[in-house]
Amino acid sequence: MGLNIVSIVGARPQFIKLAPLSKVLREEGFKETIVHTGQHYDDNMSDIFFKELEIPEPDYNLGIGSGSHGEQTGKMLIAIEEVLMKRKPDLVIVYGDTNSTLAGALASSKLHIKLAHVEAGLRSFNKMMPEEINRIVTDHLSDILFCPTETAVKNLEKEGITKGVYLVGDIMFDALMYFSRMSEEKSKILQNLKLNPKEYYLLTIHRAENTDNYDRLKNILLAIAQFRRKAVFPIHPRTRSRIKEFNLDKYLDNENILLIDPVGYLDMISLEKNAFAIFTDSGGVQKEAFWLRVPCITLRDETEWIETVKYGWNTLVGANIEKILEAERNIKEGDYVDFSDYYSAPKMKEVVIKEIS
């Protein structure tokens, strides 16, 4: 087809979303340029994902790294603009709700390049979350809005956004189904950690609302110490840094916590699907737990994925010790949901062909 697309990613959830869509677009004949902002730059958070997910090496790695929200977004904006001026794409695709998403959206908009947002319309209605600001601004700048749920479509409609809105389902489902099969063949994480299926919990903590708040982080760790099962904790670099900064290291020295380095996607899928339950503040992990039919306890006060709560697979507990422990004592499976029509990438491909051909 010969049309040029630039895909902008920077964090591990975005690499996962990129994999299935990039594959179908390249098969259709689109010329894709992948820009990696460098927002996640540790090998365990970045390089391993490109290798495991069979994504082509990024054409540009901007190497922005960490920094305050303003500094990081500003540096990304400058660097992305240079790439877009050089490549002159027909379409820019951004994913999710990170600073990489926002910077890509701003750069495209300023250069009057058509913009598509994968995972449009999500709202937590909590503007204290940087991700919420990124979502809102990106959606209002986008020409093509790929919504994962009917709720997302309704959220956009309430904000006056109706043009270019497509309900396509969730791209992460495509990735999970494909790589789940690969995970069963290749992942040895349970054997390496000497874990038996359904005899442990999986724990992930990375959102600023928890990691940057002393009381919330301490409460979560105090609750985990009282769990009835061991919690496997692949610790995010920022979380590790905050625990040290807050002098909370002693709460990790507990037989209930198995602390490990961040893992690749195939190992993460294996840990998720074999867990008795998952405790997390990650949006992506909430969804994966839902699709894998594993009970999830979400360490936040709200969620963008209300369907997971509606069907009984997800319980919101915030960082309240009593609520966390009550949820841990009352873990149960939710309702059966048919996911047979959830595949999203082929639907997105048809929209892209329609919109920019």
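## Strand E4 and its partners

E4 and strand E5 (residues 115–118) run parallel to each other, joined by four bridges. Strands here are DSSP runs (E) of at least two residues, helices are runs (H or I) of at least four, and both are numbered from the N terminus; two strands pair if DSSP finds at least two bridges between them. Within this pairing, Tyr95 stands opposite Val118 in E5. Strand E1 (residues 4–9) also pairs with E4 in the parallel sense, again over four bridges, and there Ser7 has Ile93 of E4 as its bridge partner.

What about burial? Five of the five residues of E4 (residues 91–95) are buried, so the strand is largely enclosed by the rest of the structure. Buried means under 20% relative accessible area, exposed means over 50%, and partly exposed lies in between, using a 1.4 Å probe and protein chains only. Leu91, Ile93 and Tyr95 point one way from E4, while Val92 and Val94 point the other way.

## How to read the model

This is a predicted model, in which local features need pLDDT of at least 70 and side-chain atom pairs count only at pLDDT 80 or more, while totals for chains, interfaces and linings use all residues. Residues are numbered from 1 along each chain as its sequence is written, and side-chain values use heavy atoms, with hydrogens and water left out.

## Trp313 in its loop

Trp313 sits in the loop between H14 and strand E13 (314–316), and it is buried, with a relative accessible area of 4%. Leaving aside neighbours within four places in sequence, its contacts (heavy atoms within 4.5 Å) include Phe290, Arg293, Pro295, Thr308 and Asp335.

Trp313 and Asp335 are 22 residues apart in sequence, yet their C-alpha atoms are 7.4 Å apart in space. A polar atom of the Trp313 side chain lies 2.7 Å from the backbone oxygen of Asp335.

## The second largest pocket

The second largest pocket holds about 500 Å³ of space. It is lined by 22 residues, and Pro148, Thr149, Glu150, Glu307 and Tyr342 are the closest to its centre. Helix H6 (150–158), helix H13 (283–292) and helix H14 (306–310) each give two or more residues to the lining, and H14 gives the most, with four.

On a 1 Å grid over the protein atoms alone, a pocket is an open set of points where a 1.4 Å probe fits, with protein on both sides within 12 Å along at least five of seven lines; lining residues have an atom within 4 Å of a point.

Terms used:
Points joined across faces, edges and corners; volume = space filled by probe spheres on them. Polar contact = N/O pair within 3.5 Å; in protein donor to acceptor, adjacent residues only side chain to side chain.
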